[in-house]
Amino acid sequence: MASSGTRFPAIIVIDAGGTVIAWSRAAEELFGYHAAELLGRPGSLVLPGNLPPGDQEQWYDLVEARHRDGGTLLVGVAGSRLTPLHASAAWLLSVTPATDEGFRRAAGVLEPIIDHSPVAMALWDRDLRCVWLNNGARRLRSVFPHYEIGRSLAEPLPGTDTEAAQEVMREVLADGTAMIDLEELFVSADQSEERILSTSLFRLDGVDGRPWGVCSVALDVTDSRARRRLTLLREASIRIGTTLNVQKTAQELADLAVPALADYVTVDLAEAVLPADEPLQRLAATDVSIPVFRRAGVASIHEGIPESLWPLGEPVFVPPSSPFTKVLTTGRSHFERVLDTSPGTWLDQDPDRAEIIHGTGMHTLIIVPLRARGEILGITVFVRTDNEAPFTKDDLLLAEELGARAALSLDNARRYTRERTAALALQRNLLPRRLTGSAALEVTSRYLPAGLHDAVGGDWFDAIPLPRDRVALVVGDVTGHGINAAATMGRLRTAVRTLTYMGLPPDELLAHLDDLVVRLTEEDAGPDGFPLDPTGATCLYAVYDPATRRFTMAGAGHPPPALVTPSGEVRFPRPPSGTPIGLGLGAYRSLDLELAEGTLIALYTDGLIETRTADIEAGIDRLGAALAQATLPLEDFCSTVIRAMVGEEHAEDDIALLVARTRVP
C-alpha cells in the first residue's frame, strides 16, 4: 500500500445517503483514488461503516480504511454537519492517518481534532460564501470577520480588504492549483490587534464535475520564531547605523540584540576604528592579558550592567589563548552552546572573567567578528544568563547577520570620521590664524564646522591689509564637502590674496577669480573632456578705505553683508547680482557706500542663515534681529550672534562669520 505524505487532513463531503459529493486533492493522495473515480459513489468504498452515523452534529471515530491498491490504513475521521448547500444535509469529513499505536490508544479520549486544532479551517462555496468553519477560524473573527457562516468574502466590512483573497480563491476555483502559505497581515477594525496568517487554499470538486468550493487552512504565524528573527533583521536595517558615529553605531547593535537575542552584549573595536588619546600599544599588559580592544558598546538586561569588566571607551584586556583573540585572528565566529568553565580552559588565565561568568550565570556564548571590506574591525559578544535556553546554530547565523550589518555601518562611520578629521585639520591650517584690520578696522571671526551628520565644507574668510591703511574683507563658500572642498578653499583663498595684492577693485578681482577657476577646472578635465571634480564657489569681496570711509564691494552669488550703524540700525545692502565663481559667466559690478565711524560690518556664509525648514530671506531677517540685539566687544558679539542663530544644536552647514568695526579716530 502506498504511504500518505499529505500535509493537511483529507477532506471528503458526503450527502445524507453516504454518497461522495466532494473529494479533495489530499484525499486523492491518502486513498489513491482520483475524484472522478469516487464522486457519486458510496463513501463506504473507502470508509466502511454507516456514514453518516445518525443525526449527530459532530462525531469522531477510528476507521480501518481501504486504499486503492487493496491495502488498508487506520485513519481518524472527524465529521461535522454542514450548512445545507442542497435540499438535503451533508457532512464534512476530515480524515487523518493514524499509523502508530499511541494514536490508537489516545483516540478514545481525543475530542474532535477538527474543532480543537489551532489551525483555522473554513469551507467556501463557488460564490465565496462561508458554509462551514471550525473553532480555530471562529477565534480569528476579530481580525477576519468574514469567518462567519453565510457571509460572503465580497461583503464589505469596516477595516477589512478581501480583494486579494477573492482573487486568489477564484484562481484556485478556476484551475484547481492549490495555493500554499499565502502570508498576509490582518488588523482588527479598532486597530487594537494584528495577526499574520499563513493561509493555504485547495479546491473541492463536486459530483457534477464542477468545482464545489474552496477549503482554506490558516495558521497564525504572528509570534513564530522565524518571524521574530525576520522582524529583528528588519529592525537592524533601521536602528543600526542611524548616524556616522562609531560609538553610537556600536551601542545601537548592543541595544538591538538585548533582550531579543541575548541577555548581555558587548561591542569591542580595534584601535584603528576607535582611536583614543592613549594608544593601546602604550598600555602595560598584565602577566596573562594584553589590551586588544576598546569597549564601544554594551547592553544588559540587568541594571548597572554587572557583567561588564570595562566601561565604554576603556581598553579591553584578553588572554592570548582566549576565543576573543582567536576570532580576531581567524575571522571565524566562536560558538559554545554550553560555556565550558571547567578547569584547564582559557579561563584559568583570566580569573576576573571567570568570576564574572560564575557570578552572573553566563552559560552560553557566541563571539562574532565584525568584518567589513575584508578587514576585521573588532568583535561582538553575545551571552545568556537569565534565559536558560542555550544558543542554537540558528542563533549563531542571526548573530553573524547582525554583526555583518553593523560592521558595514561601523566601517562607513570610521571612514567618514577619518575624512572629516583630515578635512577639519586641513581647513584649520588653511584658514587665517590671525586677522588684522591694521589702523582702519577692528576685526574678529568665528568658524563653526557642521554637525556630525554633514561633512566639512569649504567656507573661508580673510582680512588682507592693503597700502594706505585700506583693508580687503572676503568671505566665500566652496560647493561640496570633504577634503576636496577644503583643498579647493585653500587654492581660492591663495588666489584671492594674490589678486588683492595686484590692487584690483572688487568687481575686476571677482572676474579674474572666475576666469582662473574655469581654467583650473579645464586643466583637471578627464579623458572625456569633462572635469573630474567641478569647482564652484560663492564669494563676497569688499575693500574699506578709512581715508574716505568708502566701502566698495562686489558679490558672486553670495548673501549680502550686514551693516550695523552706531545707532543700532541694521541693513543688508545688496551689490549687483553676480554669478557664482567657476561658471565662466560672471560680469560683476561693484557697490560703493560711505560708512559712519563705528559701523559694524558682518560678512558670513549661508550656513548662518539657511536651514532645511527656512529659506535665505527668512534667515536674513533672523540675522538682522540677532545683530540688533548683540553687544560689544566684538568677541562677545560674534558668539552672541551665532548662539542666537544656531542655538545649542549642531549647525546644519559650516558657518563662517567675519565681523569688522570701523575705528573712530
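Biologist: How many bridges join β20 to β21, and do they run parallel or antiparallel?
Modeller: Please keep in mind that this is a predicted model. Seven bridges join β20 to β21, and the two strands run antiparallel. Tyrosine 544, for instance, has phenylalanine 551 in β21 as its bridge partner.

Biologist: What lies between β20 and β21?
Modeller: Four residues lie between them, and the two strands form a hairpin. Arginine 549, in the turn, has a positive phi of about 55°.

Biologist: How many residues of β21 are buried?
Modeller: Five of its seven residues are buried, so β21 is largely enclosed by the rest of the structure.

Biologist: Which strand does β21 join through four bridges?
Modeller: That strand is β24, and the pair runs antiparallel. Methionine 553 has leucine 591 in β24 as its bridge partner.

Biologist: In what order do the strands of the open sheet come?
Modeller: The order is β18-β19-β20-β21-β24, five strands with antiparallel pairing. β18 (458-465) and β24 (591-594) stand at the edges with a single partner strand each, so one side of each has no neighbour in the sheet. From one strand to the next, the twist averages 15°.

Biologist: How is β18 joined to β19?
Modeller: Eight bridges join β18 to β19 (residues 471-478), and these strands run antiparallel. Alanine 463 stands opposite leucine 473 in β19.

Biologist: Which helices pack on the sheet?
Modeller: Helix α12 (residues 483-501) packs on it, touching β18, β19 and β20, and its direction makes about 20° with that of β18. Helix α13 (residues 506-523) also packs on the sheet; it touches β20 and β21 (550-556), and its direction makes about 25° with that of β21.

Biologist: What does threonine 325 contact, leaving aside its neighbours within four places in sequence?
Modeller: It is in contact with Val318, Pro319 and Pro320. Isoleucine 379 is 54 residues from threonine 325 in sequence, and their C-alpha atoms are 9.5 Å apart.

Biologist: Which residues of α9 are buried, and what do they pack against?
Modeller: The buried residues are Pro323, Phe324, Thr325 and Val327. They pack against several elements, among them β12 (290-300), α10 (351-360) and β16 (375-384). Just after α9, glycine 331 takes a positive phi of about 75°.

Biologist: Finally, where does pLDDT stay under 50?
Modeller: It stays under 50 over residues 1-6, for which the model has 14 contacts beyond four places in sequence. Where pLDDT is low, the predicted coordinates should not be read in detail. The chain averages a pLDDT of 84, and 87% of the residues score at least 70.

Conventions. Residues are numbered from 1 along each chain as its sequence is written. This is a predicted model: local features need pLDDT of at least 70, side-chain atom pairs count only at pLDDT 80 or more; totals for chains, interfaces and linings use all residues. Side-chain values use heavy atoms; hydrogens and water are left out. Two strands pair if DSSP finds at least two bridges between them. Axes are lines fitted to C-alpha atoms, for helices over the stretch in contact, and angles run from 0 to 180 degrees between N-to-C directions. Contact means heavy atoms within 4.5 Å. Buried means under 20% relative accessible area, exposed over 50%, partly exposed in between (1.4 Å probe, protein chains only). pLDDT is the predictor's confidence in each residue, from 0 to 100.
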